[in-house]
Amino acid sequence: MGELFRHFWHPVLLSEELTERDGPPVRLRVLGEDLVAFRDTQGKIGVVDARCPHRRAGMFFDRNEDCGLRCVYHGWKFDVHGHCVAMPTEPADSTFKGRVKIKSYPVREAGGCLWVYMGPREQPPVLPHLEWTLVPESHRVVSRRIQECNYMQAVEGEIDSAHVSWLHAPLKGGNNPFQGRFNNAIITDGAPTLSIRETDYGFCYGARRQISSDEYDWRVTQWLAPTYSLIPSKDFPRGGRAWIPIDDSHISVIRYAYHPDRPLTADEVQSRKTTPAIEPVTYRLPDGYVIDISRDVRHANNDYLIDREMQRTRNYTGIGVVRTQDTSMTESMGGIVDRSEEHLGTTDATVIAARRRLLKMARDLQAGIEPAAAMNSEAYNVRAVDQVSPEADFPRFMDRYADVALGKVEAV
Amino acid sequence: MGELFRHFWHPVLLSEELTERDGPPVRLRVLGEDLVAFRDTQGKIGVVDARCPHRRAGMFFDRNEDCGLRCVYHGWKFDVHGHCVAMPTEPADSTFKGRVKIKSYPVREAGGCLWVYMGPREQPPVLPHLEWTLVPESHRVVSRRIQECNYMQAVEGEIDSAHVSWLHAPLKGGNNPFQGRFNNAIITDGAPTLSIRETDYGFCYGARRQISSDEYDWRVTQWLAPTYSLIPSKDFPRGGRAWIPIDDSHISVIRYAYHPDRPLTADEVQSRKTTPAIEPVTYRLPDGYVIDISRDVRHANNDYLIDREMQRTRNYTGIGVVRTQDTSMTESMGGIVDRSEEHLGTTDATVIAARRRLLKMARDLQAGIEPAAAMNSEAYNVRAVDQVSPEADFPRFMDRYADVALGKVEAV
Amino acid sequence: MGELFRHFWHPVLLSEELTERDGPPVRLRVLGEDLVAFRDTQGKIGVVDARCPHRRAGMFFDRNEDCGLRCVYHGWKFDVHGHCVAMPTEPADSTFKGRVKIKSYPVREAGGCLWVYMGPREQPPVLPHLEWTLVPESHRVVSRRIQECNYMQAVEGEIDSAHVSWLHAPLKGGNNPFQGRFNNAIITDGAPTLSIRETDYGFCYGARRQISSDEYDWRVTQWLAPTYSLIPSKDFPRGGRAWIPIDDSHISVIRYAYHPDRPLTADEVQSRKTTPAIEPVTYRLPDGYVIDISRDVRHANNDYLIDREMQRTRNYTGIGVVRTQDTSMTESMGGIVDRSEEHLGTTDATVIAARRRLLKMARDLQAGIEPAAAMNSEAYNVRAVDQVSPEADFPRFMDRYADVALGKVEAV
């Protein structure tokens, strides 16, 4: 599965985490590899091995100067492409110089994020055309934080329509956290009927809830393999997450909100920056490598600040932030769920479908078949759909709302 | 050995740790299994798997309401017997509902403790008739704390008469911690003669010390397999411990004191609640699961607050609390002793006997023979004996004091 | 390699860490073995197993009294040679007493340190005649601290002439940390020519830098297998380090400075005691054993207090202390470097030579050939050489300066 992931671009840092030319490197781990990122004198980004190829000293302590990162141990210097551009400990006539590179990955900047491609292609594919990455910077807000579980536990929460009616439910008298954005059915009907349509990029599925004798609430979620999903909402700014594996039991979570047509207001930006509250931490991974990242101030070590009185009277969980409610569930499963202990029900059809699709892609890759989705960036330019309709049949509903799903028109 | 333990009831929580109906669940680990306990609307206790059988979300965060613990992820609800009494994400006609249970164990309440039976019998045996569990609540005080070593290291300290003369000894001028309860011989004679009598429930053994030309101090300790022992004392209230495995290298220690005939005074209760001082901790086990428990304020990380001046002048260890003196020894052995490094001497005969008995019970179980002690709760209703006698022979001494050992009369 | 190390004496504690007769034991780990050291009533030092051979209780908590360390669990007592001199739990006529010893190692005191020999010889060899251990106490200052990496990563930094020009370099306008002690060439020429001469005790090598058309700066470093090196310097007091393996990924670092001919001044002592600043810690090793040691206040968990502004303007690393600059490099490689990821260059010839020599010694030992250096203590009485000379050839240079290298005359 790790090999499969290497065929896709992944957003691994925010641009705002690495603004300073010749500034300090930032430590990160992606797909289990320890890396540092730096922005060079010309503003180019390098993402390279966390340790020098010479004697393996840590590159975090290095000098970022004159278009390269220079190991302070012996002065070897590397550019953003990993070329060793200075090796001052070698004699002038040494033939050794040209033979050393530091591991380095291609980087792109889009959507307020820095993306890396860790795959085998000489020419990486085009970045996926996710709508939030295509709008002007002013139309978007992004943040990044760590989560302590396998990425798939988080992804499965995104394509799981049923939990919304429970985990995020207000109690009578409590505030509806969705502030009227959803049809009331989503709160009251916890057992939606699910229909799945496989696509090039993953699948979309409709969750249908009956709201009157002749009308259905349709919520069509897009799952864009391997780590994105688009949650239906009538309104913009609309938000979402990317769940990028740090390693098997940690994720770097990119959270975004955007409006396709206008800049976000200061209030819209502010509310997304402060909920949930995150704070920078020097995070020590279990095997000792340190990464520079933020963390939800409500975390497993403080039981997510669960408030049992709030749980009794105001909302279902007693955890004050919707996003953290999800985190408490996916982290409390442990680093990686023992799936043989699960009992999947009717509303887990989407979870099952995503697992099957990923396993198929991994097996295909073993058989030499590259994931088509990785090369098909246009396919990622879709939207989720949130629509009341008399149509009961999912294929017919999708035919009718194809232009909404393709972002060509707004849902009404 | 784990299988053997499952045939016995174990006290795993204090009743006072779980008083509130529909209150927050309590996290615990017993015999290596992660569990949560809850008291339902009717006051019934449930002890169930720490994770939901649906998608494995943590049950600690759940809603305890309307006679069941309801997973906040998707609203599945379980009663104290583990039955899934609500599965709202399933369609009304789903046949899946009846097929899911959460792992659940029978629970009893006795001796101020909650007991679980994790064994194979449909009908669990009767609780062991330990005297301290049979007296009225007013006659007893109990507490619970964690200890960081294998249970057997602690049990072996209980059936080890010799160490009392050393580990717990006062120095000249220091206070005798036993406040005159013991014959002086126990302090002055560190090499007692030991005699063992195997019984249905384990064994009893006599430690004989000569105190004059024609009198012996006899202390008869009862070992009640697998985790209890009764320490001889002339006086009531008399105390003891149960050492319940959390996992291979952690124990939940239940400490009790009781008087068979009268309520404890406020002072008697208070002194046992404050010595050793314990404090609640959110204890993170090495693999990450958190349990809700108390801990001795003197622990390995602060060297048990050893005071070398006290050790020079007042008592043998420089550790101010008798119980913590034991803990410092059994924990400093490490999580599990490498027994191939031991050199067992004459006074370790009891330690050897207990190991042999447990190994025999485990081998018997492998051969299909259930431990008889687990089914013989009456047998556990015995007392230790502390008696000066001219009798030098253990079998004859025991014949003479059988009624004392059976709790039928007081020793004189 | 561990077996090879056992053939050598190692300094494991400072004398000043164990001054008190009958005082508290000190915990240490050497070559992966958990030990405690104590100074008995007569001032003799014992270094023994950290756990009692009886039931494996921790010896740190024991009573150091009447010429022995007495386990407080059952009163068994051991002298500095490991003999069990009291076993009070045994009957008077027990034959068991004479059969128990605690693991114990020979100890010597020299150079302000306590040395242990953990090898197979009945008669240990003589201590190595390192010059700093032979001068009067007043002529010397020593300190000890922990470092979190394999000893070889640290040793390799000592025999690596090239890094001095980079890691320790001042920037223009910054202070030269070497305060004029070195020829300017060392800072300006980062690619010295290295020549190695194998010796009985390890090797010496010359790093040659051209400083004018007819003169060379020669710095001859001595590597004294397995854990010492002598760094060239014109001046006394001259300092150095010993890197003693605690286990595979921790080192006890002994740091010394000495003058062969006169007592150190108070200032000379003071500056070496406070730079780098160290502080006592109760250091918990990853598997739980605690050792009593000091630690650099700049450590991996605070990124060695790196100051990026200092790095931009004053010195190469932004780390304020020369010694800590080295530590940041050797620790950031991780506990043990994966050497298959290295790319060794021309100036790593000495690193390669030391590895080859150690591997040869380990293979020889497997073939039954003891390391000759371990038995040849006189051979260790050498000095490093720091000399400007017109001589370009290393063998001829060494012939000329043999008496300097042997400490018979001072370099001029």
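How many salt bridges does the rule find across the interface of chain C and chain A? The rule finds 4 across this interface, a salt bridge being a side-chain nitrogen of Lys or Arg within 4 Å of a carboxyl oxygen of Asp or Glu. One of the salt bridges joins Asp160(C) to Arg55(A), with 3.7 Å between the closest N and O atoms.

The model is predicted, and local features need pLDDT of at least 70, side-chain atom pairs count only at pLDDT 80 or more, and totals for chains, interfaces and linings use all residues. Residues are numbered from 1 along each chain as its sequence is written, chains are lettered from A in the order in which they are written, and side-chain values use heavy atoms, with hydrogens and water left out.

Between chain C and chain A, 39 residues of chain C are in contact with 31 residues of chain A, where contact means heavy atoms within 4.5 Å. The area buried between chain C and chain A is about 2,800 Å², and carbon and sulfur atoms give 53% of it. Buried area here is the accessible area (1.4 Å probe) that two parts lose on being put together, summed over both. Of the area that chain C buries against chain A, 22% comes from Arg308(C), Met329(C) and His343(C), more than from any other three residues.

Polar contacts were also counted for chain C and chain A, with 20 residue pairs found across the interface, both residues at pLDDT 80 or more. A polar contact is a pair of N or O atoms within 3.5 Å; within protein, one must be able to donate a hydrogen and the other to accept it, and residues adjacent in sequence count only if both atoms are side-chain atoms. On the side of chain C that touches chain A, helix 3 (151-158), helix 6 (308-313) and helix 7 (322-332) of chain C each supply at least two residues; helices are DSSP runs (H or I, at least four residues), numbered from the N terminus. Helix 7 of chain C gives the most to this side, with 4 residues.

Turning to chain A and chain B, 39 residues of chain A are in contact with 31 residues of chain B. These two chains bury about 2,800 Å² between them, 53% of it on carbon and sulfur atoms. The count of salt bridges between chain A and chain B is 4. In one of them, the side chains of Arg312(A) and Glu20(B) meet at 3.6 Å, N to O.
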